[in-house]
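Look over the sequence and the structure, then read on by topic.

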Amino acid sequence: MAKKFIDVMDTTFRDGFQSVFGGRVLMDDFFPAVEAAKRAGINHFEFGGGARFQSLYFYLREDAFEMMDKFRKIVGPDANLQTLARGVNTVMLDTGSKELIDLHAKMFKKHGTTTIRNFDALNDVENLKYSGERIAHHGLKHEVVVTMMDLPPGCHGAHTTEFYEKTLREILDSGIPYDSICFKDASGTSNPQKVFDTIKMARKLIPEGTHLRLHTHETAGVSVSAYMAALEAGVDGIDMAAAPVSGGTSQPDILTMLHATKGMDYDLGGLEIDKVLTYEKELQHCLSDYFMPPEATMVSPIIPFSPMPGGALTANTQMMRDNDILDKFPEVIAAMTEVVEKGGYGTSVTPVSQFYFQQALNNVMQGPWKAIAPGYGKMVLGYFGKTPVAPDPEVVRIASEKLGLEPTTEKALDLANADESKSLETWINKLKEEDIEITEENIFIAAACQEKGIAFLKGKGEFNVRKISEMKKESEGSFNMGSGNYTVVVDGQKFSVQVAEGDANIQVTAVDGESVAPASVAKTSGDEVSIKALLPGNVWKIVANPGQSVNEGDVIMILESMKMEIDVVAPRGGVIKSINVATNDKVVEGQVVAVLG
């Protein structure tokens with residue numbers, strides 16, 4: 001009897017990179033490994049989309065569309081190249097209008113995509129209808145998704161086999177065109193028995209011959225068991241990655257699954273161990289200079305209490321490293337249990353996983369529910385669709401008050417379509433204002449990546465890749481401070497300090513250029529209040545000016561930190577005496593950003 005052929009998608013170059021490096025891997029560094037994967041007989045790749053789309057513009061100064069074109073050229077015309085999309089969010093963190101959703105499918109088809117895996121983190125089927133229609137319209141294969149996870153202990157009301165059956169029935173009854181169905185567990189927390197029961201349920205419910213897949217992560221340590229349960233239940237495809245970006249927060253390793261299925265009646269993609277070994281050696285060589293975050297290689301038994309998906313975990317820890325607050329990570333993970341429970345049980349996958357993390361971070365840094373992360377607040381208020389269960393009424397009240405928004409039951413797509421800022425015309429005009437060439441690619445980059453997309457298109461994008469060789473240079477430099485100008489923070493105030501050898505006349509100036517005595521600048525009179533940054537980040541926008549009168553609670557400036565917009569507000573009424581930072585400045589926790597008199 002012939003073994004059952006199981007289609008294997010290699011997630012190394014999308015989810016693997018996202019889960020281990022926060023998506024920050026340069027294309028020329030990994031393309032030799034793509035060639036090696038092709039030689040190993042792999043013909044189905046996840047090669048873009050999801051958070052890996054934005055990460056190229058945010059951190060790499062690379063064009064995702066160019067990367068996709070080059071990838072397609074390497075693997076040839078017959079390979080199944082797959083991307084990840086988030087329903088009405090496509091590859092954005094916010095919802096898109098019909099125009100942007102259509103443009104997403106059109107551009108991804110143009111740049112080499114075969115299949116788009118399309119999910120909604122809330123399992124709101126309304127959010128899959130139009131996006132699925134446009135994917136099919138542009139000649140792409142549509143893989144429609146039900147998202148999975150296990151709820152934290154003590155939580156009930158969703159994420160059972162019965163809940164997934166209800167969601168799948170809604171998809172089938174909706175008439176959404178699809179070519180395959182995937183059950184996606186980004187946090188790797190679904191227990192194997194539930195996986196078995198869910199796949200069995202789906203196999204009975206869907207038309208005969210429908211391609212059925214499972215996607216999971218090793219984060220909680222049960223991914224191989226989950227895949228074995230899915231295979232036994234009748235799944236047709238699974239996702240795996242290659243070392244060193246396999247296991248841990250990523251997918252199980254290809255070699256691990258080949259070993260786990262030895263002697264069984266499954267043929268995993270026709271793959272051979274010796275060829276996969278050669279491929280993995282090449283990949284390890286390609287990535288040898290990349291810093292491997294320790295948490296990326298770990299299995300965490302406490303993840304089911306959060307739950308934090310692998311693809312978001314390392315992206316968030318990388319940002320916390322960049323902002324010198326990584327020591328807060330265990331507290332944030334612990335705080336996520338309450339955030340998930342009170343948020344309505346949306347699946348912990350982007351963008352909802354990021355909303356959970358941002359709100360948990362706020363609760364740790366600023367006190368429980370003292371500040372509402374905009375994404376989390378809009379989710380509980382209904383602006384991203386209907387959550388699986390009703391969010392906590394008190395959290396809804398706080399979110400409404402903090403964000404100045406009323407709860408809504410309108411469809412997310414209708415709300416986005418009515419938002420002029422999400423129209424093609426708005427972004428065309430923005431490109432004209434910035435004197436940027438108007439192409440469909442540039443329109444979508446700007447709309448999807450906002451200010452950072454514009455910065456990239458103007459050649460001013462941030463470059464932030466953690467390579468071991470560069471980190472060594474930085475470390476060596478930190479112990480040998482040479483002559484030159486440095487910025488230091490003293491008692492919450494920033495100063496420019498000139499460092500020179502010998503008895504040179506040293507100059508100390510405030511950041512606005514005025515010569516001062518450091519001690520006097522840091523002091524305020526009894527009637528003045530120093531307003532400090534609660535989190536490290538960048539100054540995104542300054543709202544108030546020196547001399548301006550403000551009331552208690554008025555927004556003075558907005559910081560950007562951990563993909564959040566954080567309002568800096570006046571603690572009482574008064575007059576702005578000084579603004580101590582400028583737009584785009586980096587600030588540290590506790591730094592004085594303004595003085596109120």
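Helix 3 spans residues 51–60 and is mostly covered, with 10 of its 10 residues buried (under 20% relative accessible area, with exposed over 50% and partly exposed in between; 1.4 Å probe, protein chains only). Helices are DSSP runs (H or I, at least four residues), numbered from the N terminus. This is a predicted model: local features need pLDDT of at least 70, side-chain atom pairs count only at pLDDT 80 or more, and totals for chains, interfaces and linings use all residues. Residues are numbered from 1 along each chain as its sequence is written, and side-chain values use heavy atoms, leaving out hydrogens and water.

**Helix 3**
- The buried residues of helix 3 include Arg52, Phe53, Gln54 and Tyr57.
- Just after helix 3, Arg61 has a positive phi of about 55 degrees.

**Helices 8 and 9**
- Helix 8 (residues 192–205) packs against helix 9 (residues 223–233) at about 25 degrees, and their axes lie 8 Å apart.
- Axes are lines fitted to C-alpha atoms over the stretch in contact, and angles run from 0 to 180 degrees between N-to-C directions.
- Helix 8 and helix 9 are therefore roughly parallel (under 35 degrees; over 145 is roughly antiparallel, 65 to 115 roughly perpendicular, the rest oblique).
- The contact (heavy atoms within 4.5 Å) involves residues including Phe196 and Ile199 of helix 8, and Ala226 and Ala229 of helix 9.

**Cysteines**
- The count is 0 disulfides (pairs of cysteine sulfur atoms within 2.5 Å).
- Cys182 is buried at 0% relative accessible area, and Cys449 is buried at 4%.

Conventions:
Helices (H or I, at least four residues) and strands (E, at least two) are DSSP runs, numbered from the N terminus.
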